[in-house]
Amino acid sequence: MVNFRNAKFITSLADAHAPRPETRPELLLVGRSNVGKSSLINALVDQKNLARTSSKPGHTRLLNLFDIDHTFYLVDAPGYGYTRGGGRHVELFATLMEDYFHDNANLVGVLWLLDSRHDLSKDDQTFFTFLLAYKINVKIILTKADKLNQKMLAEAKKRMQVLLKDYPQFSYYFFSIDDANLIRNLRSKIYPW
Ligand SMILES: Nc1nc2c(ncn2[C@@H]2O[C@H](COP(=O)(O)OP(=O)(O)O)[C@@H](O)[C@H]2O)c(=O)[nH]1
Ligand SMILES: [Mg+2]
């Protein structure tokens, strides 16, 4: 088993194809701003501030690389759907993702974060379409599950069933930074990758 606690921020890449210190499998983490991406990284590695302190506000084009137990890289993408900066930001994000996905032999999978409480936003839909263009393994992480009551939980499951009906390459998992079992479960799902 990988020791997720043995995690270290390595570098921020402006160029998706910039050389890495090592050639390792890469797992991309992506989702709209505020979905809980930094919190998820910190929960996975069991460190209070690894993700937040490593991200540079305003640097909307950078990929943050975290080494996990000298085994793989977690690659933290900028959040999308961030309206400040407007169209330019959307364009930069799209370009960065196209560059990153193109010809990337080390990319083994995507953790795509969605807020478990809400329908997909327009930006989420756009990113879903983007992901479908690639034959890549995607795990959807439904964040902030601690905020769901029974009814919302049922709605979230239904939403995923409808969305993923034709796409068996996608699976989904609930996640909450407050739930040690869900954190452990996610680690165990990531590990086989
Ligand atoms: N209740 C709850 N709040 C969360 C959870 N994960 C993140 N948050 C909150 O959501 C907000 C955005 O989280 P952050 O990790 O900064 O999102 P990012 O912009 O995607 O990196 C913060 O106020 C977090 O405390 C969760 O599992 N449960
Ligand atoms: Mg963040």
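Which side chain has an N or O atom 2.7 Å from a nitrogen atom of ligand 1? In the predicted model, that side chain belongs to D146. The model is predicted, so local features require pLDDT of at least 70 and side-chain atom pairs pLDDT 80 or more, whereas totals for chains, interfaces and linings use all residues. Residues are numbered from 1 along each chain as its sequence is written, chains are lettered from A and ligands numbered from 1 in the order of writing, and side-chain values use heavy atoms, with hydrogens and water left out.

A backbone N or O atom of G36 lies 2.9 Å from an oxygen atom of ligand 1, and a polar backbone atom of V35 is 3.2 Å from an oxygen atom of the ligand. Of the 580 Å² of accessible area that ligand 1 has on its own, the protein covers 72% (Shrake-Rupley method, 1.4 Å probe). The ligand is surrounded by 14 residues, the closest being N34, K37, S39, D146 and I177 (a heavy atom within 4 Å). This shell divides into two nonpolar, six polar and six charged residues. Helix α1 (residues 37-45) supplies its largest share, three residues.

Salt bridges (a side-chain nitrogen of Lys or Arg within 4 Å of a carboxyl oxygen of Asp or Glu) number eight. One of them joins D76 and K37 at 2.6 Å, N to O. Because D76 lies in strand β4 (residues 72-76) and K37 in helix α1, this pair ties together parts that are 39 residues apart in sequence. Both D76 and K37 are buried (under 20% relative accessible area; exposed is over 50%, and partly exposed lies in between; 1.4 Å probe, protein chains only). The bridge between E155 and K151 spans 3.3 Å, N to O; these residues lie four apart in helix α5 (residues 150-164), about one turn of the helix. E155 is partly exposed, at 37% relative accessible area, and K151 is exposed, at 60%.

The structure also holds 16 aromatic pairs (ring centres of Phe, Tyr or Trp, the last by its six-membered ring, within 6.5 Å; planes under 30 degrees apart are stacked, over 60 edge-to-face, the rest tilted). The ring centres of W112 and F128 are 5.8 Å apart and the planes at 15°, so this pair is stacked. W112 lies in strand β5 (residues 107-115) and F128 in helix α4 (residues 122-132), so the contact ties together parts 16 residues apart in sequence. Both W112 and F128 are buried. Ring pairs link these two residues into a cluster whose members include Y80, F93, Y100 and Y167.

Note on methods: Helices (H or I, at least four residues) and strands (E, at least two) are DSSP runs, numbered from the N terminus. A polar contact is a pair of N or O atoms within 3.5 Å; within protein, one must be able to donate a hydrogen and the other to accept it, and residues adjacent in sequence count only if both atoms are side-chain atoms. Ala, Val, Leu, Ile, Met, Phe, Trp, Tyr, Cys and Pro count as nonpolar, Asp, Glu, Lys and Arg as charged, and the others, Gly among them, as polar.
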